Amino acid sequence: MFLTHLSLKNYRNYESETIEFANNVNIILGENAQGKTNMMEAIYVLAMAKSHRTTNDKDLIRWDEDYAKIEGKAMKKNGALSLELIISKKGKKAKCNHIEQQRLSQYVGHLNIVMFAPEDLNLVKGSPQVRRRFVDMEIGQVSPVYIHDLSQYQKLLQQRNHYLKMLQTREQQDETVLDILTEQLIPLAAKITLKRYEFLLLLQKWAAPIHREISRGLETLQIQYRPSVDVSEKIELSRIIEAYSEKFATIKEREIQRGMTLAGPHRDDIAFSVNGKDVQIFGSQGQQRTTALSIKLAEIELIFSEIGDYPILLLDDVLSELDDFRQTHLLDTIRKKVQTFVTTTSIDGIEHDIVKEAAIYKVHSGHITAPLCD
């Protein structure tokens, strides 16, 4: 798939811009704080209905305006796609092929993307929350049901934590409500856990050979899921539900004492190991970067294997963070296969033929030019 057209209205520092893109490589060139990353973010938000940079949607709306609007047109293997997202202080409205979507979970997944930005290098060495967010965003692109289940889980989790806090402070003493909330939470927790486990098995399948190639055959990458309850390749949903029921029964008193939910997908983590050693603890910076790059390239192949169409790749100021070998490997892998958007302050440091084939745009103060010619 590829994005052919993007229109922004009152988005960040863009008042009103419309641009058409090439279906291979698009380089967005400009100094810092001119709007390069805002452009990339807009494409991300168009696809995912949320930003990777902020949880506050109001940040996306231009100063002193009431709303922001992003429109895009794409070509997929099964035809043209039109997307529209309006972000206001009242919430979001999303349209797909001019039909308003009742839930955002119905909208997400029509346009598939993979984002690789400097903060993604924190995928390995960052907090568990970074890794959980990565997994959730990627599964959500290929499974709308997962987004719905996760949203329901988060609402119930908030209610359960609130009630646990009241039990802790003795504002409430009746544990019946807690038991009901736990009973409602467990099936959702089990579904999320199983889906994450299946996703990470697939990611391992794609990432391991990519990592081996980038490391010139010297390293073997393993991805290990660390959930609140034990899961294995043969485990079924019913068994995960049982495991969570047993877990919550065991920790109930401790949860009341602490005033918070101590088990569930919100406490999951993922471990990456190279040649049997935890990369987060023992890996060099080079190994951590190779792992992050392998994961991102694996995402591309995983999405293709699931939907039969390659996603769009967003490389936001990340090429300068990679050494020449990793940079070349990345560009060789995506060449003539994946529509790619690259932001950079200069193309001088990109030693690759792909630059000669790219459409190059210039961004300055929230305005973007048509492609530059040599």
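Biologist: In which helix does K247 lie?
Modeller: This is a predicted model. The stretch that holds K247 runs over residues 237-258. That stretch is helix α7.

Biologist: Is K247 buried, partly exposed or exposed?
Modeller: The relative accessibility of K247 is 31%. Buried means under 20% and exposed means over 50%. Because 31% falls in between, K247 counts as partly exposed.

Biologist: Which residues gather with K247 in a patch of positive charge?
Modeller: The patch is on the surface. Lys and Arg count as positive. The residues that gather there with K247 are R254, R258 and R267.

Biologist: How many salt bridges does a search of the whole structure find?
Modeller: Side chains of opposite charge can pair when their charged atoms come close. For a salt bridge, the side-chain nitrogen of Lys or Arg must be within 4 Å of a carboxyl oxygen of Asp or Glu. The search of the whole structure finds 20.

Biologist: How far apart in sequence are the parts that R131 and D269 tie together?
Modeller: R131 forms a salt bridge with D269, and their closest N and O atoms are 2.7 Å apart. R131 lies in helix α4 and D269 in strand β10, so the pair ties together parts of the chain separated in sequence by 138 residues.

Biologist: Are R131 and D269 buried or exposed?
Modeller: A residue is exposed when its relative accessible area is over 50%, and buried when that area is under 20%. Both R131 and D269 are buried.

Biologist: What span is expected for α4?
Modeller: Helix α4 has 15 residues. From its first C-alpha to its last, α4 reaches 22 Å.

Biologist: Which residue pairs with K336 in a salt bridge?
Modeller: The closest N and O atoms of this pair are 3.9 Å apart. K336 is in the loop between α10 and β13, and its partner is in helix α11. The partner is E357.

Biologist: What is the relative accessible area of K336?
Modeller: Exposed means over 50%. K336 is exposed because its relative accessible area is 72%.

Terms used: Residues are numbered from 1 along each chain as its sequence is written. This is a predicted model: local features need pLDDT of at least 70, side-chain atom pairs count only at pLDDT 80 or more; totals for chains, interfaces and linings use all residues. Side-chain values use heavy atoms; hydrogens and water are left out. Patches are made of residues with over 30% relative accessible area and no salt bridge: like charges are joined within 9 Å, nonpolar side chains (Val, Leu, Ile, Met, Phe, Trp, Tyr) within 5 Å. Accessible areas come from the Shrake-Rupley method with a 1.4 Å probe; for residues, only the protein chains shown count as cover. The place of a charge is taken as NZ of Lys, CZ of Arg, CG of Asp or CD of Glu. Helices (H or I, at least four residues) and strands (E, at least two) are DSSP runs, numbered from the N terminus. Buried means under 20% relative accessible area, exposed over 50%, partly exposed in between (1.4 Å probe, protein chains only). The expected span of a helix is 1.5 Å times one less than its number of residues.
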